[in-house]
Amino acid sequence: MIGVEKTRNQASYEEQRLNLTEGAGDALMFYKNLAEENRLLSLLLLKQEGELCVCEIMEALNQSQPKISRHLAQLRRSGLLVDRRQGQWVLYRLNPDMHNWMQDVLERTLIENPHLLEEPSRRLSDMSTRPIFCSTSA
């Protein structure tokens with residue numbers, strides 16, 4: 001059963017990577033995603049932290065699970081994120097095939113606007129129920 005799940009996860013990961021050229025390759029789609037505050041902050045958090053589970057993003061942004069999941073699904077459909085399952089957890093990270101210019105925009109945004117993640121980073125570090133495997137960067 002483990003081998004089957006691994007194969008399913010790998011196939012899903014490959015499909016997610018392909019979405020980048022179908023959706024997020026378009027500059028307009030990328031900037032529309034950045035224009036929504038929760039999606040922007042989620043992308044910046046993932047750029048900073050590497051990989052996070054839904055519960056960590058919920059805590060950092062002080063938002064409900066349905067709201068965060070909806071935004072993460074949109075980012076995944078756009079090809080900006082990939083996800084993987086680890087037991088009951090769904091972990092998200094930036095798509096490694098994201099265009100370099102997109103990575104540069106996120107990096108520059110983090111550098112020039114550190115105040116954007118001050119509060120979310122504090123909430124994340126104060127999170128008492130943070131899963132151990134989630135608390136390290138990928």
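A: Leaving aside neighbours within four places in sequence, L46 is in contact with E51, L52, I57, L81, Y92, R93 and L94; contact means heavy atoms within 4.5 Å. The model is a predicted one, in which local features need pLDDT of at least 70 and side-chain atom pairs count only at pLDDT 80 or more, while totals for chains, interfaces and linings use all residues. Residues are numbered from 1 along each chain as its sequence is written, and side-chain values use heavy atoms, with hydrogens and water left out.

L46 belongs to helix α3, which covers residues 37–49. Helices (H or I, at least four residues) and strands (E, at least two) are DSSP runs, numbered from the N terminus. With a relative accessible area of 2%, L46 is buried. Here buried means under 20% relative accessible area, exposed means over 50%, and partly exposed lies in between, with a 1.4 Å probe and protein chains only. One of the contacts, Y92, stands 46 residues away along the chain, yet the C-alpha atoms of L46 and Y92 are separated by 7.7 Å.

Strand β2 (residues 81–86) and strand β3 (residues 89–94) run antiparallel and are joined by six bridges; two strands pair if DSSP finds at least two bridges between them. Q86 has W89 in β3 as its bridge partner. The two strands form a hairpin with two residues between them, and G87 in the turn has a positive phi of about 65°.

Another contact of L46, E51, takes part in a salt bridge with R84, in which the closest N and O atoms are 2.8 Å apart. Because E51 lies in strand β1 (residues 51–53) and R84 in strand β2, the pair ties together parts that are 33 residues apart in sequence. A salt bridge is defined as a side-chain nitrogen of Lys or Arg within 4 Å of a carboxyl oxygen of Asp or Glu. E51 is buried, with a relative accessible area of 7%, whereas R84 is partly exposed at 30%. E51, R84 and R93 are linked in a network of salt bridges, and R93 is also among the contacts of L46.

The whole structure holds seven salt bridges. Elsewhere, in helix α7 (residues 118–126), R122 and E119 are three residues apart, which means a separation of about one helical turn. The closest N and O atoms of their salt bridge are 2.3 Å apart. R122 also forms a salt bridge with D126, where the corresponding distance is 2.9 Å; these two residues of α7 are four residues apart, about one turn of the helix. R122 counts as partly exposed at 39% relative accessibility, as does E119 at 36%, while D126 is exposed at 51%.

Helix α5 (residues 65–77) has 13 residues that should span 18 Å at 1.5 Å a residue, and its end C-alpha atoms are 18 Å apart, which agrees. The expected span is 1.5 Å times one less than the number of residues. The buried residues of α5 are I68, H71, L72, A73 and L75. Just after α5, G79 takes a positive phi of about 85°.

The largest nonpolar core has 28 residues, and those with the most contacts inside it are L43, L72, L81 and L106. Such a core is a set of buried Ala, Val, Leu, Ile, Met, Phe, Trp, Tyr and Cys residues joined through side-chain atoms within 4.5 Å. At least two residues of this core come from each of α2, α3, α4, α5, β3 and α6 (100–112). Helix α3 gives the most to this core, with six residues.

Finally, the chain as a whole may be described. It contains seven helices and three strands, in the order α-α-α-β-α-α-β-β-α-α from the N terminus. Of its 138 residues, 40% count as buried. Among contacts between residues at least 6 apart in sequence, 69% join residues at least 24 apart.
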